[in-house]
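Here is a friendly tour of one model, taken a topic at a time. Please have the sequence and the 3D view open as you read.

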Amino acid sequence: MMAASATGAVIGVMAAMTTTASARPELVGIAGDYSPGTIVVKTSERRLYLVLDGSHAMRYPVGVGKAGRQWAGTTRIDGKYKNPAWAPPADVKRDKPELPDVIPGGSPRNPMGVAAMTLAGGEYAIHGTNVPNSVGGYVSYGCIRMLNQDITDLYDRVSIGTKVVVTR
């Protein structure tokens, strides 16, 4: 009986370690002709890469646009915000009219999480989340959703003007 308990405890600790480890960025190889400092979002992989040099990047899991909400292209970060308030865009408000016009920053109901970086030319952002289990899925209206600890790490590594390439 004690052996089963000990085994269960070890499995529980290993599961907790796996969850924690997956929440940290990974140093990985990357192919492509990207300049250091570029953010590359590979929608089909549901991964975001911060290019470090010609062959290495930090990789983070992300949630991306659901069917019909995905996009591809090149843009830049045009704003950085800690604990941002969120005003639902018109298409979100149309689908979920019960949402308030603004959800204050820091609210547990705020889907932007602890930080957001807005992208030029649209209503999209790379941001944290109040629903961590959604990271890794096709879940958003086009935004790139990250775990709060990951958006905090990325936020500290990039600046306004950083190039962002989104591919399918």
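## Charges over rings

A charge counts as sitting over a ring if NZ of Lys or CZ of Arg is within 6 Å of the ring centre and within 35 degrees of the ring normal. With that in mind, let's look at this predicted model. Lysine 42 is placed over the face of tyrosine 49, at 5.2 Å from the ring centre. Tyrosine 155 also has a lysine over its ring: the charged end of lysine 80 is found there, 4.3 Å from the centre.

## The sheet

Now for the strands. Nine of them make up an open sheet with mixed pairing, and their order is β1-β4-β3-β2-β11-β6-β7-β8-β10. The edges are formed by β1 (26-29) and β10 (144-145), each of which pairs on one side only.

Within this sheet, β7 (residues 115-119) and β8 (residues 125-127) run antiparallel and are joined by three bridges. Here threonine 118 has alanine 125 of β8 standing opposite.

## One aromatic pair

How many aromatic pairs does a search of the whole structure find? There is one. Tryptophan 71 and tyrosine 124 have ring centres 5.1 Å apart and planes at 10°, so they count as stacked. Because tryptophan 71 lies in the loop between β5 (64-65) and β6 (73-82), while tyrosine 124 is in the loop between β7 and β8, the pair ties together parts that are 53 residues apart in sequence.

Are the two partners buried or exposed? Tryptophan 71 has 16% relative accessibility and so counts as buried. Tyrosine 124, at 29%, counts as partly exposed.

Methods
Residues numbered from 1 in each chain as written. Predicted model: local features only at pLDDT ≥ 70, side-chain atom pairs only at ≥ 80, totals over all residues. Heavy atoms only, no water. Pairing = 2+ DSSP bridges. Helix = DSSP H or I, 4+ residues; strand = E, 2+ residues; numbered from the N terminus. Phe/Tyr/Trp six-rings, centres within 6.5 Å; stacked < 30°, edge-to-face > 60°. Buried < 20%, exposed > 50% of the residue type's maximum accessible area, 1.4 Å probe, protein only.
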